[in-house]
Amino acid sequence: MINKRCFLVTAYCDNPEKVLALKTCLTQLQKYNTDIILFSHYPIEEDIYNLTSHAIYDYSNPIIELDGSRSMVNFMRRNLDGINLKFNTHSFDYGFAAAQQIKRGLLYADDIGYNEAFVINYDLIIPDEFMDEMNVMLEDHDSIILNYGEGQKGEDIIGQFNKRIYMALFALKIKPFINNLKSISLEDYYNKVGDDIVEGYLYPLFLNENSIEIARKDWEGNQDNRKIHTSMVMEGDVLPNFKKPDYSWFLGHEIQYIGDKRVDNNHQLFMLWDIKKDLNVEICIDGKVVNTSFIPKKNGYHTIQLPIEHNQLYVLKDKIKITINGWIIPEGEIKKNLKSSIEACYNE
Amino acid sequence: MSKNLFCILSHCDSDEKKLVLIDNINRIKNKGFDVLLVSHIPLSSDITSLVNYFVYDRSNPILRYPQKSLHMWWHTTFNNEEYELSTHLPDYGWTALNQIKKAGAFCESLEYSNYTFINYDIQLTDEILSNHNSNLLSQTKLNKKDSKGGDLIFSTLFFNFSSIDLKKIWKSLIMEEYANGKLLCENYFTDIINNKDIDYKIYPLEVDDQLDFKIINDGEIWNFNTGNDYFRLFFDDEVIILYMLKGDIKFNINDTDIIKYNDFSVNRSQNKNIGYYDLDNKLVDIMPLLKNNSNIITKIKILND
């Protein structure tokens with residue numbers, strides 16, 4: 001029997017750049033003469049349908065909001081006066097939404113008669129040679145997993161989990177994984193993901209004794225010669241979120257690293273840097289002014305320790321008002337940074 | 001989830017149809033129901049963003065002769081010869097069943113307890129827009145013009161099934177089986193349900209659609225002369241029949257004028273130019289009327305040969 005194959009393209013294209021990336025991806029896939037199922041959690045423009053055989057728009061998009069249960073870490077690094085700092089922010093956990101897309105997309109593909117699928121993120125660029133390699137490998141294997149976790153350790157606090165699936169591209173025969181696909185649910189995700197991310201949650205679900213794993217170095221290539229890569233950066237540089245014309249700001253709790261040991265001292269810090277003009281800062285908590293500071297331009301950066309502990313921030317989040325030269329940090333920005341942290345003296 | 005998911009089958013290739021669809025989506029949403037929309041043609045995000053789920057399938061599997069068609073025939077006599085005229089119209093039945101199949105497949109990973117299917121242009125009522133908890137099949141008039149009641153037939157305009165029974169139904173819809181059988185879409189659908197021993201109630205009220213879909217107007221099935229009523233015209237690949245002439249009419253066939261009083265036929269391959277003279281004695285070419293319509297296959301057979 002010849003296996004009937006499809007490409008399952010997963011998408012969330014909420015701006016013109018992403019829509020263009022999706023169109024480019026779908027257009028490039030046409031040359032393989034393989035049916036395309038597009039699965040999107042964002043409405044699809046009419047002309048895109050013509051590039052697909054099947055398309056599904058699913059409104060549900062189950063993003064786990066910042067209720068303290070789950071979040072995604074993004075970070076940026078700065079060196080201020082020789083002190084290495086790492087600013088960690090937390091955003092919504094899109095992981096389960098992505099897992100659900102894959103679940104529903106693959107189950108649909110199976111139900112309408114496809115036996116094999118290449119799961120492809122909308123902004124992925126795959127060289128022909130790599131596609132050919134995967135094509136050959138899928139003949140003898142139930143799934144092809146591009147290991148995503150390995151190599152991350154040492155770069156990222158959460159990089160300690162080295163068994164992860166690269167969700168932007170993997171291939172599988174669908175039937176052997178039907179039960180695993182059906183097991184994906186929000187409850188299961190909460191139960192199993194722990195401190196890991198969705199790539200770690202999905203990894204065992206697409207792995208069996210007849211799977212083949214490709215090491216990260218073998219699919220990623222090096223910086224000068226990327227084998228496959230995405231054209232969009234979902235959550236890359238978070239600095240712009242905190243950048244104002246005359247300064248940058250950040251609200252986070254302090255984490256120190258002493259040797260390899262992480263120490264959370266529960267201090268809640270407010271930090272300013274890249275200061276280009278004199279700043280007047282006022283911090284109020286529950287209607288009371290708890291700090292006023294004049295920070296001259298020449299200082300370059302400044303740190304204020306709030307008179308509350310970090311774990312009090314969740315309770316007081318609606319009652320904190322920080323004003324910088326008359327600009328009040330929006331309440332929403334405060335709430336987005338309830339879990340944010342500033343790592344000092346982290347180990348290189 | 002306590003509420004049904006309303007699944008809308010659609011093929012909205014005109015603004016008129018899209019407006020009806022949008023109106024029905026809004027009416028369903030206003031009642032608090034989630035909506036799944038299925039289409040074989042792309043729809044704009046203005047429409048798809050109104051629903052919870054949109055399933056697009058490019059295939060639009062219209063069946064045509066000889067695979068399966070809607071076959072009509074007419075026995076008649078022209079110039080003392082008995083003819084059988086027959087027409088094979090495309091069968092659109094599987095397109096609706098395919099939409100049910102695709103919607104059913106997608107619903108496999110959803111968690112609604114009941115699925116209410118409607119056609120995009122159904123005349124919605126408060127009774128239809130309610131939370132159905134039992135399997136239902138609806139009926140519509142066989143002949144819409146029959147204002148005095150008339151026969152009712154099962155309809156795919158509106159039906160409701162539990163998630164368990166929907167699964168049994170959509171998996172049993174098989175194109176080859178439908179194409180090879182003689183049943184119409186609605187009969188095939190109800191046969192599947194009966195063969196699976198699925199219990200259902202008949203929805204007590206008659207259902208109807210808002211827009212009338214016809215592949216061809218009734219008056220044009222046996223007459224392709226849409227330009228005037230001087231005569232009627234029917235043809236297949238070989239023969240052209242001109243019949244029911246209103247009085248004597250001067251034709252021009254292959255550059256020769258000839259007056260005809262009665263029905264007549266001409267061989268298509270031997271007659272490349274055919275026209276008639278109108279009331280102003282102006283020659284009107286009828287060759288454009290003889291262009292084959294890929295949707296309609298016609299056959300002419302002389303029965304007393």
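I take two strands as paired if DSSP finds at least two bridges between them. The model I am examining is predicted.

**Entry 1: a sheet in chain A.** I looked up the strand order and found an open sheet of four strands, S18-S17-S20-S21 of chain A, with antiparallel pairing. I noted its edge strands as S18 (288–295) and S21 (327–328) of chain A, each of which pairs on one side only. I then followed strand S17 (residues 279–285) of chain A, which is joined to the antiparallel S18(A) by seven bridges. For Cys284(A), I recorded Val289(A) as the bridge partner in S18(A).

**Entry 2: the nonpolar cores.** I found that the largest nonpolar core has 114 residues. Among the residues with the most contacts inside this core I list Leu8(A), Ala109(A) and Leu36(B). Helix H3 (residues 93–107) of chain B supplies the largest share of the core, eight residues. I also noted a second, separate core of 19 residues, which includes Phe87(A), Ile255(A), Leu306(A) and Ile324(A). Returning to Ala109(A), I set aside its neighbours within four places in sequence and found contacts that include Cys6(A), Leu8(A), Tyr114(A) and Ile174(A).

**Entry 3: the contact between chains A and B.** I recorded 20 residues from chain A and 18 residues from chain B in the contact. On the side of chain B that touches chain A, helix H2 (45–48), strand S3 (53–57) and H3 of chain B each give two or more residues. S3(B) gives the most, with five residues. By class, I noted eight nonpolar, six polar and four charged residues on this side of chain B. I finally traced strand S3 (residues 54–58) of chain A, which pairs with S3(B) in the antiparallel sense over five bridges; there, His54(A) has Asp57(B) as its bridge partner.

Notes. Residues numbered from 1 in each chain as written. Chains lettered and ligands numbered in written order. Predicted model: local features only at pLDDT ≥ 70, side-chain atom pairs only at ≥ 80, totals over all residues. Core = buried A, V, L, I, M, F, W, Y, C linked by C-beta atoms within 7 Å. Buried ≥ 20, exposed ≤ 12 C-beta atoms within 10 Å, placed from the backbone. Contact = placed C-beta atoms within 7 Å. Nonpolar A, V, L, I, M, F, W, Y, C, P; charged D, E, K, R; others polar.
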